[in-house]
Structures are given as structure tokens and as C-alpha cells.
Amino acid sequence: MEYGQQSLFENRENEPLASRMRPETLDDYAGQKHLLGKGMVLRKLIESDRIPSMIFWGPPGTGKTTLARIIARMTKAEFINFSAVTSGIKEIRDVMRESEKRREAGFRTIVFVDEIHRFNKAQQDAFLPFVEKGSIILIGATTENPSFEVNGALLSRCRVFVLKQLTTDDIVSILEKALSSPEGLRDDHVSCSRALLERIAVFSNGDARTALSVLEMAAMNAERDDGGEAVITKEDIEQCTSRKSLLYDRNGEEHYNIISALHKSMRNSDPDAAVYWLARMLEAGEDPIYIARRVTRFAAEDVGLADPNALRLAVAAFEACRLIGMPECSVHLSEAVIYLSLAPKSNSAYLAYERAKRDAAKDLDEPVPMQIRNAPTRLMKDLGFGKGYEYAHDAKDKITGLVCLPERLIDRSYYRPTEEGVEKTFAQKLRWAKYMHRKLREEKNAAEGQKPADPPHGDAAGGK
């Protein structure tokens with residue numbers, strides 16, 4: 001935890017290049033023109049010193065902490081830097097009490113919390129009353145979706161500003177400035193072609209900190225020419241980027257983006273894209289069991305009864321992941337993902353459950369029809385439990401006119417089969433079963449002298 005303006009700006013001598021090159025004004029800040037360009041909302045708030053409580057959400061290296069530092073320079077408020085890793089509830093409450101005293105004296109306090117998603121619920125709750133009263137202005141920074149990681153009550157009192165991944169041109173501009181700036185590498189006489197700077201920018205995947213670190217390492221390894229200049233070569237860059245850092249946070253927003261990409265690629269029958277996203281997760285260290293669970297869900301939700309074998313294959317891949325693990329199980333998952341991508345698609349089972357769930361939620365007290373209730377005691381039999389039950393195995397076609405839905409839902413049709421793959425035979429079977437149920441009911445009603453049932457309507461017809 002750091003207090004005051006100066007705590008954020010220590011002597012820069014011997015600091016890493018990425019730290020030395022932090023911009024100190026909005027005009028020097030790279031990217032985020034949608035927020036900080038001339039006339040944009042966040043720039044206006046900063047320049048007018050009317051900062052609300054807010055959350056900066058964006059990928060690593062987009063400048064969240066740097067932006068907070070710039071605000072620290074420009075604001076007239078006391079600025080406190082909190083570490084979500086080292087600060088506990090006691091430290092939070094101590095600072096909040098001091099902030100309340102300053103508010104009563106007419107002064108403002110800005111509290112910056114880097115990696116706010118690392119604060120647990122109790123820690124986040126400790127801020128809430130002070131944000132509500134205006135004792136502090138809270139600025140949080142996170143790489144993860146605040147909808148998932150920040151308490152709803154606290155989030156509702158903050159404005160969320162989304163910082164976009166820096167473009168290749170943004171990164172190249174930062175690197176060029178690092179080569180020419182006295183705070184950077186100018187006095188070290190380092191040169192690097194634009195083509196190689198672009199190579200570093202592509203490798204960094206929008207992360208300015210990564211790009212500057214690579215440039216610094218390459219400069220340290222570069223051979224000097226006869227004039228004493230360190231000329232960075234392609235080989236220098238390759239040595240510093242021998243293994244590309246994959247953008248993937250197992251608990252963060254990108255985690256959900258990539259599993260979504262895998263699902264949607266399989267759903268769209270694109271095995272190449274599906275295997276790519278699978279590899280992205282596994283090579284970044286994702287637990288194969290997590291992927292196997294999602295693949296198994298997909299087999300039932302998106303392939304379903306169009307190919308019942310899909311679920312068996314997915315479960316087999318799940319078992320392989322559980323029994324042998326990585327790296328061997330990567331091929332089992334790849335086989336399952338390719339199969340599911342090319343299988344016929346049906347979400348009828350998923351939709352059937354969703355339709356039934358809506359009715360079940362509305363009618364949780366709908367009674368079970370008497371004819372299909374169990375009657376294990378004499379009293380229950382005397383009360384009519386199980387009366388009129390017909391045993392399907394004793395019937396000619398293994399089907400009876402027995403009503404199995406509650407009376408109010410008798411005409412509901414939840415399962416609506418497609419004509420895809422194997423499910424085409426299920427559709428034929430369902431049409432026959434519905435016909436036989438109705439026919440046998442009408443015959444029974446006629447034998448008992450009852451009026452025929454009304455024809456099915458709407459949902460009851462079983463159509464799409």
C-alpha cells in the first residue's frame with residue numbers, strides 16, 4: 001500500500017525499460033483513443049478533475065496502471081495505491097477511516113486497486129460503504145470480466161471503461177520511442193529495423209510491457225558494429241521469443257472467450273478452427289478435464305440424438321483425460337472435437353429440457369396424475385393411487401393411452417425432433433407414438449362413454 005503522489009514515481013535509474021518508458025501525460029499515452037482522444041469522455045473527466053469511481057478492464061499491457069499513474073499526477077486528490085495481493089481487510093479499514101477524516105475536512109482521496117479481481121468478497125465489501133458515502137473515489141484495474149469478479153453492489157457504483165488491446169502500430173510506435181528516447185535506449189546507441197519492430201509487436205499480442213521487455217533483451221544480446229552501435233538482428237529477436245507467450249488466463253475473460261470459440265467452431269462444423277482453439281487451451285496449460293467436460297456437454301447439447309454415438313465418444317475422451325492426462329490425452333480430445341465438428345447437429349434434447357424447465361418452474365406444485373402414482377400401502381390404494389394404470393409391456397404395441405403429464409399440461413410437446421442424422425428415425429417414432437396415444441385414449445373414452453378429447457393445438461401438435 002502506497003500513499004501520496006510521490007510514492008508512485010520513484011527514481012527511474014536502473015529500472016527495466018518498460019518501467020522507464022511509462023508515459024506521464026495523456027498526450028504521451030498510446031492507444032485507447034475511444035476513451036482518451038480529444039473530446040472523449042474519460043479524457044474530459046480526467047482533465048476536469050471530476051473522477052468517478054471506475055473500473056479499468058482490459059488485457060495485460062494495455063496501460064491500466066499507467067493510466068492510474070497519470071491520474072495521480074493530474075488530480076488534486078490524495079492518491080493511495082493498494083495491492084490486492086498484500087492488503088487485507090484491516091489495512092483497507094484503516095485507510096478508509098483516514099479517508100473519511102479527509103472528506104470531512106473537505107479533501108478527496110483516490111484509492112487505486114490493481115488486480116481488483118484478486119480481492120475476495122469480504123475485502124471488496126469493505127470498500128462499499130465508503131464508495132457509497134463518497135469518502136473515497138475507487139479506481140480498480142482488472143484483466144478479468146468485472147461482471148464475474150467484482151461484487152454487483154460495488155460494480156453498480158463504478159463506471160466500467162474497457163481498454164482495448166493495443167494494435168501492432170501502437171506497439172511499434174512505443175518501441176520506436178523507446179529507441180529514440182533518453183529515458184529509453186537512445187544513449188545505448190541501439191538500432192532495429194521497422195520490420196523487426198513489427199515482429200516484436202506481433203509477438204507481444206498487444207502487450208506493451210512484453211514488447212518493451214523483448215526489445216530490451218534483444219538490445220542486450222545484440223552485437224555492436226565498428227561504430228559502437230548495437231544492431232538488433234532477426235536472430236536476436238528469435239532468441240528472445242523462442243516460445244510465444246499465449247494469451248490465456250485460466251480463470252479470466254480470455255478463458256471464456258476461447259472455450260466459446262471452441263464450442264462455436266464445432267457447432268459450425270469447422271474442425272480446423274475447433275482443433276486450433278483446443279490446442280490454444282491445452283498448450284497454455286488448461287486442465288484437459290475441464291475441456292473434456294465441455295466437450296461432453298456439447299455432444300449432448302449440439303449433436304444430441306442426431307448421432308447418439310457422439311456422447312459415447314465424448315465420454316470415452318473424458319475417461320482418457322482422467323486416466324492418462326496430458327500430453328497423451330490431447331489426441332483423444334482432438335479425435336472427439338473433430339468427430340463432433342463433423343457430426344450431424346441437433347439441439348432438440350437441449351430445447352426439450354429448456355421448455356420443460358420453464359413449465360416446471362411455474363408449476364412446481366402441479367400434482368402427479370393419480371394413475372401413475374405408486375401405491376405401496378393399502379391406504380394409498382384405497383385413496384386411488386395407481387388406479388387406471390396400464391402396463392405398457394402387456395400392450396400389443398408396447399404403448400397405451402395412459403396420460404402421464406399433469407392435466408393442465410396434457411397437450412404440451414417439449415421434444416421436437418429434427419430430421420438430422422439418426423434423429424430422423426426418432427421423429428418417425430414420435431409421430432407414431434403420439435398417434436397411438438391419442439387413438440388409444442379415444443378408444444378408452446368411447447368404451448367408457450366419455451366425450452372424445454379436443455384435438456391437439458399449438459404446442460401439442462409436436463410441430464416446430
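## A tour by selection

Select arginine 438: at 26% relative accessibility, this residue counts as partly exposed. The model you are viewing is predicted.

Next, go to helix 16 (residues 309-324). Pick glutamate 319 and arginine 322, which are 3 residues apart, or about one helical turn. Their side chains meet in a salt bridge of 2.7 Å, N to O. Glutamate 319 is partly exposed, at 30%.

Now try helix 6 (residues 121-133), which holds both aspartate 125 and lysine 121. A salt bridge joins aspartate 125 to lysine 121, at 2.9 Å between the closest N and O atoms. Lysine 121 is exposed at 54% relative accessibility, while aspartate 125 is partly exposed at 30%.

For a network of salt bridges, select Asp27, Lys38, Arg43 and Glu47. The structure holds 28 salt bridges.

Turn to the largest nonpolar core, with 30 residues. Select Leu175, Leu212, Leu215 and Ile232, which touch the most other members. Among the elements giving two or more residues are helix 9 (168-180) and helix 12 (234-240). Helix 11 gives the most, with 7 residues.

Stay on isoleucine 232. Beyond its neighbours within four places in sequence, its contacts include Val190, Leu196, Leu215 and Ile237.

Last stop: a second, separate core of 25 residues. Select Leu278, Ala317, Ala336 and Ala343, which are among its members.

Terms used: Residues numbered from 1 in each chain as written. Predicted model: local features only at pLDDT ≥ 70, side-chain atom pairs only at ≥ 80, totals over all residues. Heavy atoms only, no water. Core = buried A, V, L, I, M, F, W, Y, C linked by side-chain atoms within 4.5 Å. Buried < 20%, exposed > 50% of the residue type's maximum accessible area, 1.4 Å probe, protein only. Helix = DSSP H or I, 4+ residues; strand = E, 2+ residues; numbered from the N terminus. Contact = heavy atoms within 4.5 Å. Salt bridge = Lys/Arg side-chain N within 4 Å of Asp/Glu carboxyl O.
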